[in-house]
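Please look over the sequence and the model shown below before reading on. The report that follows takes up a few of the features one by one.

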Amino acid sequence: MNRRRYLRVTLGLVSATAVAGCLQGEAVLYETNVSATSPTKSWEVDLEAGNQMRLEVEKTDDGTGSVNGYVHHAETGEEVASTAASSGHEEFEVPETATYTVLIEVDGSTGEIRLRDMN
């Protein structure tokens, strides 16, 4: 009986930790229901040098299309981070204090994009 109880408590803690890990970080940008016909697929955000960020994209329907996300330096166009719904998320450090463009590319699907400040 004690072993079963121990296993339930341990599994509960592992599950809670996994969920907390997914939800950590303040969302700087969160856009939902973005599709190929959405009028806006890019947003500008001001980020500070040295901040740890996480870019997340998800496919929110059963379509066969793809969803990709990118962060570019707004002035130079240099890509700072990119990820796809099929590969999870991308963590990165902001190289310099500036305005950045966050883009979502949706092909035959509907998706959402989040940019989280992990500090």
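## Strand pairing

In this predicted model, strand β4, which spans residues 66-73, runs antiparallel to β5 and is joined to β5 by five bridges. Within this part of the model, N68 is placed opposite A84, a residue of β5.

Both strands belong to an open sheet of four strands, whose order is β2-β7-β4-β5 and whose pairing is antiparallel. The edges of this sheet are formed by β2 (42-47) and β5 (79-84), each of which pairs on one side only. From one strand to the next, the twist averages 20 degrees.

## The largest nonpolar core

The largest nonpolar core holds 20 residues, and among these V71, F92, V102 and L115 touch the most other members. At least two residues of this core are supplied by each of β1 (26-35), β2, β3, β4, β7 (98-107) and β8 (110-117), while the largest share, five residues, comes from β7.

## A buried arginine

R54 lies in strand β3, which covers residues 52-59. This arginine counts as buried because its relative accessibility is 5%, and the cut-off for buried is under 20%.

Note on methods: Residues are numbered from 1 along each chain as its sequence is written. This is a predicted model: local features need pLDDT of at least 70, side-chain atom pairs count only at pLDDT 80 or more; totals for chains, interfaces and linings use all residues. Side-chain values use heavy atoms; hydrogens and water are left out. Two strands pair if DSSP finds at least two bridges between them. Axes are lines fitted to C-alpha atoms, for helices over the stretch in contact, and angles run from 0 to 180 degrees between N-to-C directions. Buried means under 20% relative accessible area, exposed over 50%, partly exposed in between (1.4 Å probe, protein chains only). A nonpolar core is a set of buried Ala, Val, Leu, Ile, Met, Phe, Trp, Tyr and Cys residues joined through side-chain atoms within 4.5 Å.
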